[in-house]
Structures are given as C-alpha cells and as structure tokens.
Amino acid sequence: MKNAKLWISVGILAFISFAGCASMKEAEAENADQQGAVQAQAAPWITDFEDGTTMGWAGNNASADAVKDKVHQGTSSMRVAAGDAGWKTAWFYNCGDKILADVPYSYSAWIYQETGQDVKFNITIKTTMSSYKGAVYGAVVPSGVWTEIKSDSFVLSSDVGAPQDIYIETQTPGIVFYVDDIAILPK
C-alpha cells in the first residue's frame with residue numbers, strides 16, 4: 001500500500017511538472033507572437049524633404065524650413081535656426097504612430113553646420129509620461145561637413161510611456177544647422 005501511495009504521489013508530481021512546463025512554453029510562445037505582431041506593425045520612417053516641405057517636422061522654439069541651398073542627398077533639406085538658450089530644436093510632434101515602444105530601431109540623421117567648431121547633437125524621444133530618452137546623445141558634427149549621427153539599435157521601453165515627440169537638437173544654442181535623410185528603421 002505504501003508503494004502504491006508513493007507511485008501515485010510521484011505520478012501526480014510528474015503530471016504537475018509536465019503541465020507547468022507546457023503552460024510556460026505556451027506563455028513564452030504567446031509572448032513571442034505578441035512581440036512579432038508589434039514588430040510587424042513597425043514600419044520604416046524616412047524623411048528626406050524631397051517634396052519641398054518639412055514633412056511634418058517643425059521648429060520647437062526655433063525656425064525650421066525646407067531649403068535647397070545645402071543638401072546631403074537629393075534637392076532639399078531642412079534648415080533649423082536654433083534659439084539662443086534652452087530646448088530649441090527641430091521636432092516632430094506626436095510620433096507615436098511612427099515609433100513604437102518595445103521595438104528596437106536604428107536612428108540616423110545627416111547634419112551640417114558651419115560654426116567653425118565641432119558641435120554635439122542629440123536625437124531625443126519624449127514619452128507620454130514626460131520622460132526624455134536619448135536615442136543618440138552627444139554625436140559630434142564637425143563644421144562644414146555633412147555628418148551622420150546614429151544609433152544602430154535603441155529600444156524605448158513601454159515602462160516609461162509610449163513615444164510622443166522626437167527632437168533633433170544641438171547642445172550649442174544659437175546656431176543654424178541643416179538636417180537631411182532622417183531614417184528610423186525597425187530592426
């Protein structure tokens with residue numbers, strides 16, 4: 001009788017272990033499916049200003065205009081005249097339909113400035129929870145040379161909110177710079 005109870009106990013434990021493993025595998029598969037669905041919704045976002053507009057980008061306490069005098073590639077870029085202090089940048093308001101939380105993206109933009117010195121630039125994302133996260137921080141752009149600032153992979157965690165706005169900003173106030181060929185690509 002003791003052996004029968006022992007074998008029944010072992011059988012019950014084995015069944016519970018098997019059921020637990022199966023449940024974990026199902027949960028992992030469901031999570032992978034959900035992540036795959038979110039990544040499938042993620043689309044490349046490329047801004048080249050070739051239509052002669054700023055394509056939704058604007059100045060944030062700065063001016064931003066599509067121009068043809070300085071371009072990285074093609075016929076147009078965006079000229080940004082940054083103010084003399086504070087957060088004065090190029091920005092895209094309400095980018096939540098273009099950038100998704102919890103999806104890795106590469107970020108890049110080509111920048112040109114003629115201050116006569118190196119200038120540092122950032123690409124920053126503001127979330128719906130007013131958290132600011134740097135996809136690119138402190139990228140050096142030499143004077144008089146089109147320079148790509150980039151991050152090969154950056155993930156904005158949904159723990160800090162959904163993407164709301166994106167900024168391309170200089171760390172040096174009061175300058176004029178040009179932006180072209182912005183590419184935000186899901187990995």
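Contact here means heavy atoms within 4.5 Å. The legends below describe a predicted model, in which local features need pLDDT of at least 70, side-chain atom pairs count only at pLDDT 80 or more, and totals for chains, interfaces and linings use all residues. Residues are numbered from 1 along each chain as its sequence is written, and side-chain values use heavy atoms, with hydrogens and water left out.

View 1. Asp180 is found in strand S11; strands (E, at least two residues) and helices (H or I, at least four) are DSSP runs, numbered from the N terminus. Asp180 is buried yet has no salt bridge. Buried stands for under 20% relative accessible area, exposed for over 50%, and partly exposed for in between (1.4 Å probe, protein chains only). A salt bridge needs a side-chain nitrogen of Lys or Arg within 4 Å of a carboxyl oxygen of Asp or Glu. For Asp180, the nearest side chain of opposite charge is Lys68, 10 Å away; Lys and Arg count as positive and Asp and Glu as negative, while His and the chain ends are not counted. Which residues surround Asp180, not counting those up to four places away in sequence? Asp180 touches Thr47, Asp48, Phe49, Val71, His72, Gln73, Ser76, Ser77, Ala109, Trp110 and Trp146. For Gln73, the backbone nitrogen lies 3.4 Å from a polar atom of the Asp180 side chain.

View 2. Lys126 is found in strand S7. Lys126 is also buried without a salt bridge, and Asp165, the nearest side chain of opposite charge, is 4.4 Å away. Beyond its neighbours within four places in sequence, Lys126 is in contact with Ser131, Tyr132, Ala162, Pro163, Gln164, Asp165 and Tyr167.

**View 3. The salt bridge of Lys70 and Glu114.** How many salt bridges does the structure hold? There is one, and in this bridge the side chains of Lys70 and Glu114 meet at 3.7 Å, N to O. The two residues are 44 apart and link distant parts of the chain: Lys70 sits in the loop between strands S3 (63–67) and S4 (77–81), Glu114 in the loop between strands S6 (104–113) and S7 (119–127). Lys70 is partly exposed, as its relative accessible area is 23%.

**View 4. Trp57 against Phe92.** A search of the whole structure finds 11 aromatic pairs; rings of Phe, Tyr and Trp (its six-membered ring) pair if their centres lie within 6.5 Å, with planes under 30 degrees apart stacked, over 60 edge-to-face and the rest tilted. The rings of Trp57 and Phe92 are edge-to-face because their planes stand at 65°, with centres 5.7 Å apart. This pair, 35 residues apart, joins the loop between strands S1 (45–47) and S2 (58–60) to strand S5 (residues 89–92). Trp57 is buried at 2% relative accessible area, and Phe92 is buried at 10%. Elsewhere, Trp91, Tyr93, Tyr132 and Tyr167 form one aromatic cluster.

**View 5. Ile166 in the largest nonpolar core.** Such a core is a set of buried Ala, Val, Leu, Ile, Met, Phe, Trp, Tyr and Cys residues joined through side-chain atoms within 4.5 Å. Of its 36 residues, Trp57, Tyr107 and Ile166 touch the most other members. Contacts of Ile166, leaving aside neighbours within four places in sequence, include Trp57, Phe92, Tyr107 and Ile184.

Conventions. Polar contact = N/O pair within 3.5 Å; in protein donor to acceptor, adjacent residues only side chain to side chain.
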